[in-house]
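Please look over the sequence and the 3D view below before reading on. The notes that follow begin with the chain as a whole and then go through its parts, topic by topic.

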Amino acid sequence: MTRGKQKIEAQRKNAEKNQKSKGSQLEARAVGLKVTCQVCKASLANSNQLNDHFASKHPKEMPPSNSS
């Protein structure tokens with residue numbers, strides 16, 4: 001046990017490093033979601049995802065223009 005102190009310090013340091021962050025990631029997620037589907041109010045990251053969403057979920061509706 002010549003490395004007793006080093007081992008304890010390394011374990012403590014790793015425990016601090018691996019500790020999960022407190023709180024929710026909802027705010028960080030909300031920042032990334034900038035486009036909203038006008039039909040079902042689903043939040044999407046960009047207009048390409050919105051077009052794909054309209055094609056799969058609302059095939060009879062026309063997707064909005066890319067200007068928004």
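This is a predicted model: local features need pLDDT of at least 70, side-chain atom pairs count only at pLDDT 80 or more; totals for chains, interfaces and linings use all residues.

Two residues are said to be in contact, or to touch, when heavy atoms of the two lie within 4.5 Å.

**The chain as a whole**

- The protein chain contains three helices and two strands, and, read along the sequence, these follow the pattern α-α-β-β-α.
- Of the 68 residues of the protein chain, 10% count as buried, where buried means under 20% relative accessible area.
- The accessible surface of the protein chain comes to about 6300 Å², and carbon and sulfur atoms account for 51% of that surface.
- Among the contacts in the protein chain with a separation of 6 or more, 0% are between residues 24 or more positions apart.

**The nonpolar core**

- The largest nonpolar core is made up of five residues, namely V35, C37, L44, L50 and F54.
- L50, which is found in helix 3, counts as buried because its relative accessible area is 4%, and buried means under 20%.
- Leaving out residues up to four places away in sequence, L50 touches V35, T36, C37, L44 and P64.
- L50 and P63 are 13 residues apart in sequence, while their C-alpha atoms are 7.7 Å apart in space.

**Helix 3 and its two sides**

- Which residues of helix 3 are buried? They are L50, H53 and F54, and these residues lie on the same side of helix 3 because they cover an arc of only 100° around the axis.
- The buried residues of helix 3 pack against strand 1 and strand 2.
- On the face of helix 3 turned away from its buried side are the exposed residues N48, D52, A55 and S56.
- At the start of helix 3, a side-chain oxygen of N46 comes to within 3.2 Å of the backbone nitrogen of N48.

**The two cysteines**

- How many disulfides does a search of the whole structure find? The search finds zero disulfides, and C37 is accordingly in none, although the sulfur of C40, the nearest cysteine sulfur, is 3.6 Å away.
- C40 is likewise in no disulfide, with the sulfur of C37 as its nearest cysteine sulfur at 3.6 Å; a disulfide would need the two sulfur atoms within 2.5 Å.
- C37 is buried, at 0% relative accessibility, whereas C40 is partly exposed, with a relative accessible area of 39%.

**The two histidines**

- H53 is placed in helix 3, which covers residues 47-57, whereas H58 is found in the segment after helix 3.
- H53 counts as buried at 13% relative accessibility, and H58 is buried as well, with a relative accessible area of 12%.
- The side chains of H58 and H53 are joined by a polar contact of 3.2 Å.
- Apart from residues up to four places away in sequence, H53 touches C37, C40, A42, L44 and H58.
- With its neighbours within four places in sequence left aside, H58 is in contact with C37, V39, C40 and H53.

**The loops on either side of strand 1**

- L33 lies in the loop between helix 2 (26-32) and strand 1, and at 27% relative accessibility L33 counts as partly exposed.
- L33 touches S43, L44 and A45, when residues up to four places away in sequence are not counted.
- L33 and N46 are 13 residues apart in sequence, and the distance between them in space is 7.6 Å, C-alpha to C-alpha.
- K41 lies in the loop between strand 1 (35-36) and strand 2 (43-44), and K41 is exposed, with a relative accessible area of 55%.
- Most residues other than glycine have a negative phi. K41, although not a glycine, has a positive phi of about 65°.

Methods. Residues are numbered from 1 along each chain as its sequence is written. Side-chain values use heavy atoms; hydrogens and water are left out. Helices (H or I, at least four residues) and strands (E, at least two) are DSSP runs, numbered from the N terminus. Buried means under 20% relative accessible area, exposed over 50%, partly exposed in between (1.4 Å probe, protein chains only). Accessible areas come from the Shrake-Rupley method with a 1.4 Å probe; for residues, only the protein chains shown count as cover. A nonpolar core is a set of buried Ala, Val, Leu, Ile, Met, Phe, Trp, Tyr and Cys residues joined through side-chain atoms within 4.5 Å. The arc is that of the directions from the helix axis to the C-beta atoms. A polar contact is a pair of N or O atoms within 3.5 Å; within protein, one must be able to donate a hydrogen and the other to accept it, and residues adjacent in sequence count only if both atoms are side-chain atoms.
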